[in-house]
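Please look over the model shown here with the following notes beside you. They are arranged as numbered points, each on one topic.

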Amino acid sequence: MTDTRTVARGIRVTPGDRRYAAVRRGYNPRWEAEPDYVELVRSPEEAVTALRDAVADHDPGEERSRITTRSGGHCYEDFVCAPDVRVIIDVSLMDEVYEDGGMVCVEAGATNGDLRKQLFLKTGKVLPGGSCASVGVGGHVPAGGFGLLSRQFGLTVDYLYEVEVAVVDEDREVRLVRANRDSPEPERSLWWAHTGGGGGNFGIVTRFWFRGLPDAPEHVLLTAGGWKWSSLARRERGFRQFKRIVDNFGSFFARRDPKFDPLFAILLLTHRSQPKIGLIAQIDASAPKARQRMADFQKAMGGGPRLALRSRAFEDLTEGYGEYPALAGLQRPQPLPWDSVDKLLGPVDNLRCGKHKSAYMRGPLPERQIRALWEGLAGEDRGVVRDAVVQIDSYGAAVNEVAEEATAVAQRDSVLKLQHQVYWPATEDGADHLHWIRTVYQNMYADTGGVPATREIGAGVTDGCYVGYPDVDLSDREWNIDPASWSRLYYGRHYPALQEAKRRWDPLNVFRHRQSVEPPAGVPGPRS
């Protein structure tokens with residue numbers, strides 16, 4: 001008897017198709033692939049078919065053997081787009097957000113921008129995720145997911161109840177698995193692995209279900225400005241002024257005071273070749289005495305000689321830095337509807353190549369780290385325009401209230417989160433820019449082998465790195481004295497449990513890249 005069932009298939013884009021150039025690369029033009037095809041899937045069933053076809057066509061002898069998955073395309077390294085990629089399965093067309101059985105279902109291809117449009121406008125709820133509108137949920141959530149409301153409400157994974165994942169078993173069979181917080185083992189391990197275990201490690205996530213999402217703020221107070229580099233002195237006196245800014249920021253958020261939990265701030269430490277050091281802050285306008293709390297923060301940041309936020313040294317943020325645009329007219333806090341923030345804080349462009357690094361901090365930056373920052377940021381440009389910023393985000397508060405074991409996010413007692421960034425035109429090779437950021441980072445964490453070591457080894461105030469900002473230099477002995485430590489830097493004590501989840505849900509190591517979760521020792525499987 002003939003099987004007449006229709007097989008759900010996606011849209012296959014191959015070389016020669018006018019769409020191929022657009023889908024073979026991600027947001028960062030630094031990374032491109034030349035896959036046999038990119039499969040655009042619109043449903044979980046199409047994702048299963050696409051994965052089944054890709055696995056069935058696998059030739060172990062092929063130089064290009066990897067199968068990768070993509071939602072928003074913001075991966076900072078070549079984990080999705082690279083010369084060894086044979087097939088990309090793209091879920092970006094799966095972007096629906098809807099209520100389902102008392103929960104909110106978000107398809108993996110939705111972006112942060114889609115969330116604010118479809119989630120906020122449909123339900124009045126919010127997922128406390130990132131500020132970059134084009135980041136895909138399929139990568140953002142499994143990394144842990146944080147953003148402007150995380151101090152007030154926690155991480156995205158703190159609300160994740162259930163996931164749906166297309167997985168490949170040891171017989172190369174593909175199936176959809178739904179796993180949740182209350183599932184028995186081993187299904188529960190698949191849910192847990194997606195609460196901070198990183199994207200593209202265990203299968204293709206198709207849908208997420210969230211419970212108990214908080215109400216979005218009706219209004220927020222937003223302020224932005226910057227200290228002119230020209231107002232800071234050179235040499236040691238300038239360092240003391242620079243250090244005061246960094247100290248004021250770190251000390252404010254290291255002192256846990258619940259009345260400031262609804263306040264989130266970003267310090268943008270730029271290179272001296274840029275006009276200003278930037279400061280952005282936001283608070284839920286409905287919080288008790290919100291204006292007073294913002295004023296208290298501004299006063300704390302303005303403490304010290306020539307730093308006052310109302311002095312001539314502090315001006316409008318008329319330039320974009322890092323991934324944030326210019327924010328003029330916000331020196332004094334302005335009340336804005338919640339969804340206006342997304343429009344203001346969207347990405348500047350995607351025409352620049354970039355390199356990113358990260359660090360979790362359990363306290364203010366020590367002087368040796370600030371000194372290394374000063375030397376890297378305040379030094380002479382030497383012919384290379386430094387489109388660079390070391391961004392310090394406030395962290396902690398509600399993030400710290402969740403037990404470390406509850407999710408795969410290991411860094412639950414950190415109060416600051418750093419993102420080191422450098423950008424260059426796609427027409428350049430970026431060698432000087434890469435050397436600059438690698439040197440600054442290595443000097444900052446020289447006491448612990450060139451990386452922000454975890455608290456388990458007595459590293460002081462650092463606690464590893466954010467897997468959402470991947471950095472292959474962590475696996476390189478030139479930049480990390482212990483390159484095998486990359487997994488601990490991302491996952492801390494959770495790594496063995498993630499390896500067990502890998503063994504159970506991706507036994508053939510189909511989903512792999514240069515820093516994918518490794519199968520436990522003794523488990524065979526190809527490596528990239």
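1. Cys132 counts as buried because its relative accessibility is 10%, where buried means under 20% relative accessible area, exposed means over 50%, and partly exposed lies in between, with a 1.4 Å probe and protein chains only. Cys465 likewise counts as buried, at 1% relative accessibility. The model is a predicted one, in which local features need pLDDT of at least 70 and side-chain atom pairs count only at pLDDT 80 or more, while totals for chains, interfaces and linings use all residues. Residues are numbered from 1 along each chain as its sequence is written, and side-chain values use heavy atoms, leaving out hydrogens and water.

2. How many disulfides are there? With a disulfide taken as a pair of cysteine sulfur atoms within 2.5 Å, the count comes to zero. For Cys132, the nearest cysteine sulfur is that of Cys75, 14 Å away. For Cys465, the nearest cysteine sulfur is again that of Cys75, at 15 Å.

3. The domain assignment, which comes from an automatic or database source, gives domain 1 (11-90), domain 2 (97-210) and domain 3 (219-490). The C-alpha centres of domain 2 and domain 3 are 26 Å apart, and 31 residues of domain 2 are in contact with 35 residues of domain 3, contact meaning heavy atoms within 4.5 Å.

4. Helix α7 (residues 235-254) and helix α8 (residues 290-301) have axes that come within 8 Å and cross at roughly 140°; these axes are lines fitted to C-alpha atoms over the stretch in contact, and angles run from 0 to 180 degrees between N-to-C directions. That angle makes α7 oblique to α8, since under 35 degrees counts as roughly parallel, over 145 as roughly antiparallel, 65 to 115 as roughly perpendicular and the rest as oblique. Helices (H or I, at least four residues) and strands (E, at least two) are DSSP runs, numbered from the N terminus. On the α7 side, Ile245, Asn248, Phe249, Phe252 and Phe253 meet Phe297, Ala300 and Met301 of α8.

5. Two residues other than glycine deserve a look for their backbone. Lys289, in the loop between β12 (276-284) and α8, has a positive phi near 55°, and it counts as exposed at 58% relative accessibility. Ala397, in the loop between β16 (387-394) and β17 (416-425), has a positive phi of about 55°, but Ala397 is buried, with a relative accessible area of 2%.

6. The peptide bond from Glu185 to Pro186 is cis, with omega near 10°, and Pro186 lies in the loop between β8 (174-180) and α6 (187-193).
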